[in-house]
Amino acid sequence: MLSQETIQNIRNKASIVDIISALIPLKLCGENYVAPSPFSVNHEEENAERSLVVSPRKNVYFCFATNHGGDSIRFLMQYGHFSEQEAWIWIANRYGVIIPQEELDSNDATNEVQELYYLHDLAQQFFTTNLNNSEMGRAIGLSYLKEKRKLSDDIIARFGLGYSPDEWTALTDYATREGFSDNALRASSLTIFKDNGKKYDRFKGRITFPIFNTTGRVVAYSCRTLSADKEVAKYMNSENSAIYNKSQTLYGLFQARDAIVAQKKCYLVEGNVDVVSMHMSGVENTVASCGTAFTKEQASLIKQYTDNVAIVYDGDSAGIKATIRATDILLQAGLNIRMVLFPDGEDPDSYAQKYGAEQLRDYLANNEKDFISYRIMILAPNAMKDPIKKSDLIKELVKSLSYVQDRTERDNCVRKCVHFFGVNENTLQLELLNCINNRLKKNFDQTKPTLSSPPSDPFPFPPELPPDFDPDGNLIPPAPVDAPPTSSSKPNWQEYNIFPDEIQERKIISLLINNGNDIISVLMPKEKPTDKDVFEQQYVVSVIVSDIVNDEMQFDNPVYQQIFGLFLHKLEAGGLLDSNELVNHPDEVIRNTSIELMINTYHISERWQNEKHVYVVAPEQRVKEDVEYSLNTLKLKKINHRIDDIDTQLRLASDPETMNQLLFKKMVFIKHQKELCNQLRCVIH
């Protein structure tokens, strides 16, 4: 286990922007960096392109699509499925921080995910060693890759290609000797277990193509046979596991992502060999699906790196069918689609083998078509002979067009259909509109709430009682400041997640989190009116906490109350709460709420100063004013509620003495109310 000293050394050098941008592309937006959420496949929500926000100043990220965040360690754990220990080691290696060997030796694989990662590391070493060092590997595997596929040593190493010996249990025996269990071998699908108890290597006698996740870890394999027997499956693939989901993975993405970002384009091909061959020919922005039909999750992966995709599938019937299906999925993801069709019997690998890398690049550049032209070229010659087939083809094209999000592009495609098929443009536009409306209605019908479901509206109806009264009409006494929330307090507000002072409470907690350790000048109370003003330097957290405790104020939002309790306890212990304690807090709700409040999604536009000559004071320059205003605003809201509570009790009271006591309390609160209004320069109606 890593020591705190080692962890601090790594933390001091780590930059969250550098780490996350190594995995997904980030764009600068004000003082933060943004990207589409890598944790959500739904990119249709508002501001989807900025749903992930990374703050270099706070060294944290927050995903507004999934409402969770953290530091660079948590990002690696969530995005790359690292263990915490592995994440620290990955960052240490990136920044050249030396970890003592005794700390590394204590790292045991204690869970399924860890063991699977280590097992795939072992298998990868085993396969590559066999390819390069064993007599059989060099004679069969290496000669096939170099002589028949014309692959260079650099490409073979870059993609980690290897060879699995043509022996029944070579890898299984080796992994067992290294201490891996049958459960791990079964879960990895590297070993096949028969009902009679026998087991053997899944990929025996095959060229191994490792599948990397986006952080560069081997998570699965796709392996090609060298046998001429047609009854032997050409490719065998790993099954899904705790570290691998084929529908959410793209082969070659780890090697291709930098080129995709740089060239703002991704080539999508059918197989592993096509990917490797394209990279060998200099077309490094190429990926393929992993032994499965193309999925919306894979489209979402591509969209993290670019909006432009060129599909380069085979021209046979299976390839055309796969192309059409992939097109609709990519269009639904909001991607711009182009198509490349190779001559009959050719694919990227065979074309490069026959004509060379330069001609392959030229062919790709000069033979792109939009998806409407591609469909017409491939499908129309047969459909035009039959009115029914022609009608069906037009309907299919209209359905695909309904997924195109850019109106101008959609209209251009409609005009192409009108020109080729000779149909009325208004009729086609009407059919397109009906298709869009029908899909929207279907989506609405699937997502609209039923009568039995809880209300999605945060304000479905007002509560029957004021928030501080129980169902019998009795006033609920305030809990201690640092007490955890109870299920019995304020049942109506909590049930619907309504907190009457949400805005004011949120601002106070935000000041504690972001500015608690700042120092401001505070005017001290005078013993005599004639005394001179005396100012004292105090921490913001001291000012806020003491003010709230002295006035016996409560937070209606239980999460804010818990966060406030953390600051209070730390202050009582004579210390200041470090932001890392919130970023790494074990309670997920406290952690995510704190990180969300750390992220400032707004920034002052330079246009105000440069063009309009309007100078806005930055938030960090008005902390003292923010603290004073926010505390007074919260106090005023709480006093208003107390006055409302007293009015309710007055309506219920029948005893004159009780009524007099309540009226006296109300007068005191009204006096405080007026004082706060004077300070805030506001009027209570």
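In this predicted model, helix H24 (residues 558-572) packs with helix H26 (residues 588-598) at an angle of about 85°, their axes being 10 Å apart. H24 and H26 are therefore roughly perpendicular to each other, as angles from 65 to 115 degrees count as such.

**Contact of H24 with H26**

- From H24, the contact is made by Val559, Tyr560, Gln562, Ile563 and Leu566.
- H26 contributes Val589, Ile590, Thr593 and Ser594.
- By class, six residues of the contact of H24 with H26 are nonpolar and three are polar, while none is charged.

**Packing of H18 with H19**

- Helix H18 (residues 387-401) and helix H19 (residues 407-421) have axes 11 Å apart and pack at an angle of about 170°.
- Since angles over 145 degrees count as roughly antiparallel, H18 and H19 are therefore roughly antiparallel to each other.
- On the H18 side, the residues in contact are Lys390, Leu393, Ile394, Leu397 and Leu401.
- On the H19 side, Arg410, Cys413, Val414, Cys417 and Phe421 take part.
- The contact of H18 with H19 comprises eight nonpolar and two charged residues, with no polar residue.

**A six-stranded sheet**

- Six strands form an open sheet with mixed pairing, in the order E12-E14-E13-E15-E16-E17.
- Strand E12 (250-251) and strand E17 (368-370) are the edge strands, each pairing on one side only.
- The pairing of strand E16 (residues 336-340) with E17 is antiparallel and spans three bridges.
- Methionine 339 has lysine 369, in E17, as its bridge partner.

**Helices lying across the sheet strands**

- Helix H12 (residues 272-280) lies across E12, strand E13 (266-269) and strand E14 (286-289).
- The direction of H12 is at about 180° to E14.
- Helix H17 (residues 371-383) lies across E16 and E17, and runs at about 95° to E17.

**Cysteines**

- The structure contains zero disulfides.
- The closest cysteine sulfur to that of cysteine 677 belongs to cysteine 682, at 3.8 Å. This is too far for a bond, because a disulfide requires sulfur atoms within 2.5 Å.
- Cysteine 677 has a relative accessible area of 7% and is therefore buried, the cut-off being under 20%.
- Cysteine 63 also counts as buried, because its relative accessibility is 0%.

Terms used. Residues are numbered from 1 along each chain as its sequence is written. This is a predicted model: local features need pLDDT of at least 70, side-chain atom pairs count only at pLDDT 80 or more; totals for chains, interfaces and linings use all residues. Side-chain values use heavy atoms; hydrogens and water are left out. Axes are lines fitted to C-alpha atoms, for helices over the stretch in contact, and angles run from 0 to 180 degrees between N-to-C directions. Helices (H or I, at least four residues) and strands (E, at least two) are DSSP runs, numbered from the N terminus. Angles under 35 degrees count as roughly parallel, over 145 as roughly antiparallel, 65 to 115 as roughly perpendicular and the rest as oblique. Contact means heavy atoms within 4.5 Å. Ala, Val, Leu, Ile, Met, Phe, Trp, Tyr, Cys and Pro count as nonpolar, Asp, Glu, Lys and Arg as charged, and the others, Gly among them, as polar. Two strands pair if DSSP finds at least two bridges between them. Buried means under 20% relative accessible area, exposed over 50%, partly exposed in between (1.4 Å probe, protein chains only).
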